Amino acid sequence: MTDSSQEKKLALAGGRTLAYATSGNSSSGTVLLYLHGTFTIGETSRVSSVIASKNIHYICPTLPGWGNTSPPHTSTSYVDCLTSDITALLDHLYPDNGRDIKLYISGGSFGTVSAQILYGAPYDKFRYGRCITGVLLMGGISPFYYHKDYAKHMDWSNYFLAGPPTRWLPFKDLFKKFVRELLFDKMDELEKEEYAKWRAKEGIAEGETERRMATNIVRSVATSWAGFRLQPALLHSDWGFRPDALDEEHSRPFVMVVAGAGDKQGPLGWSQYLAATYQNTKLKTVHGGHISVLYHMHDIWEEFLAGVE
């Protein structure tokens with residue numbers, strides 16, 4: 001078992017760069033791909049004990065336009081860029097036996113968009129789609145292009161952050177408000193207790209989670225704001241497939257959807273749509289807001305990776 005949490009960079013065609021971090025057994029044929037959310041990067045500085053205990057190659061790429069990963073070329077859609085980037089990364093890490101891997105794809109918040117894109121992508125665009133065994137969507141975002149009632153589940157804060165107005169409003173003016181509401185301001189007393197118990201169990205000092213998030217926020221936009229600028233158009237675009245019309249092979253993998261019952265950034269209604277629209281799904285609801293999934297990650301990983309030794 002090795003820990004390679006230091007960021008690596010892969011040179012891509014056309015002069016682009018893909019940043020990523022890895023942990024675990026790099027020769028394992030079981031791959032866990034984690035796709036990050038808004039204002040963070042792919043990093044493995046703190047890996048769940050569940051993941052660390054299994055024979056898994058844990059791979060965390062930084063998505064296009066965030067951190068040290070280049071944004072898509074202007075002539076390339078986000079969907080084509082993402083499928084190409086992840087294909088190149090898996091080709092690089094598995095040059096001899098890539099077609100034989102068992103691929104688990106997971107994502108949190110905005111990362112669930114990229115997870116769904118890979119899950120539903122035609123195999124001629126993402127051949128590793130045939131290797132997908134399971135998909136984990138935490139605090140999921142539904143495909144607005146097809147989920148016509150998505151805005152009904154929003155409050156005013158995320159309506160202006162992810163709804164129709166984001167296509168015209170200035171992004172940086174929303175940054176401070178977004179981060180403040182994303183973190184800990186809206187916890188009720190029960191969630192505060194759960195958070196404190198989770199920190200104690202994981203050995204996390206008070207304020208450490210906030211500091212880590214703040215550090216990753218800075219790293220995510222240190223090069224440019226391209227990732228954030230790309231986000232609104234992507235949320236409202238066609239992701240390359242109809243979620244209610246996937247064929248039998250695409251619908252084969254288990255899809256686990258996890259939502260915080262009081263999540264305002266990723267409303268429960270979006271996760272309910274995902275669980276009702278995709279096949280072979282399970283919806284798990286936990287108490288709390290947007291970061292409440294953190295307190296339940298041990299059990300979530302145990303369930304999602306139940307078949308992995």
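**Entry 1: a strand to start with**

How many of the seven residues of strand E7 (residues 254–260) are buried? I looked, and six are, so E7 is largely enclosed by the rest of the structure. For my own reference, buried means under 20% relative accessible area, exposed means over 50%, and partly exposed is in between (1.4 Å probe, protein chains only). Strands (E, at least two residues) and helices (H or I, at least four residues) are DSSP runs, numbered from the N terminus.

**Entry 2: what I'm working with**

This is a predicted model, where local features need pLDDT of at least 70 and side-chain atom pairs count only at pLDDT 80 or more, while totals for chains, interfaces and linings use all residues. Residues are numbered from 1 along each chain as its sequence is written, and side-chain values use heavy atoms, with hydrogens and water left out.

**Entry 3: the whole chain**

I found 10 helices and eight strands in the chain. Of its 309 residues, 55% count as buried. The chain exposes about 13,600 Å², and carbon and sulfur atoms supply 51% of that. Those areas come from the Shrake-Rupley method with a 1.4 Å probe; for residues, only the protein chains shown count as cover.

Then I checked contacts (heavy atoms within 4.5 Å). Among contacts between residues at least 6 apart in sequence, 80% join residues at least 24 apart.

**Entry 4: following the strands**

I wanted to know which strands pair, meaning that DSSP finds at least two bridges between them. E3 and E5 pair in the parallel sense over six bridges, and Leu35 stands opposite Gly107 in E5. E5 also pairs with strand E6 (residues 132–138), again parallel and over six bridges. There I noted Ile105, which stands opposite Val135 in E6. From E5 the chain crosses through H3 to E6, and this β-α-β crossover is right-handed. That term means that, with the strands pointing away from the viewer, the path from the first strand over the helix to the second runs clockwise.

Next I moved on to E7. Five bridges join E6 to E7, and the two run parallel. Val135 turns up again here, with Val255 as its bridge partner in E7. E7 in turn pairs with strand E8 (residues 281–286) in the parallel sense over six bridges, and Val258 has Lys284 as its bridge partner in E8. The chain gets from E7 to E8 through H9, in another β-α-β crossover that is right-handed.

How enclosed is E5? Six of its seven residues are buried, so E5 is largely enclosed by the rest of the structure.

Helix H9 (residues 268–277) is mostly covered, with seven of its 10 residues buried. Trp270, Tyr273 and Leu274 are among them.

I ran a quick length check on helix H2 (residues 78–93). The rule is 1.5 Å times one less than the number of residues. H2 has 16 residues, so it should span 22 Å, and its end C-alpha atoms are 22 Å apart, which agrees. Its buried residues include Tyr78, Cys81, Asp85 and Leu93.

**Entry 5: the cores**

A nonpolar core is a set of buried Ala, Val, Leu, Ile, Met, Phe, Trp, Tyr and Cys residues joined through side-chain atoms within 4.5 Å. The largest one here has 55 residues, and those with the most contacts inside it are Leu103 and Phe126. H2 gives the most to this core, with seven residues. Apart from it lies another core, of 18 residues, among them Ile56, Val293, Ile300 and Trp301.

What does Phe126 touch, not counting residues up to four places away in sequence? I listed Thr83, Ile86, Thr87, Leu90, Leu103, Leu118, Ala121 and Ile132.

Phe39 has a phi near 55°, a positive value in a residue other than glycine. Phe39 is in the loop between strand E3 (30–35) and helix H1 (49–52), and at 2% relative accessibility it counts as buried.

Ser109 also has a positive phi, near 55°. Its loop runs between strand E5 (102–108) and helix H3 (111–120). Ser109 counts as buried at 18% relative accessibility.

Last, I looked up Met154, in the loop between E6 and helix H4 (156–162). Met154 is buried, with a relative accessible area of 13%. Met154 and Asp263 are 109 residues apart in sequence and 9.9 Å apart in space, C-alpha to C-alpha.
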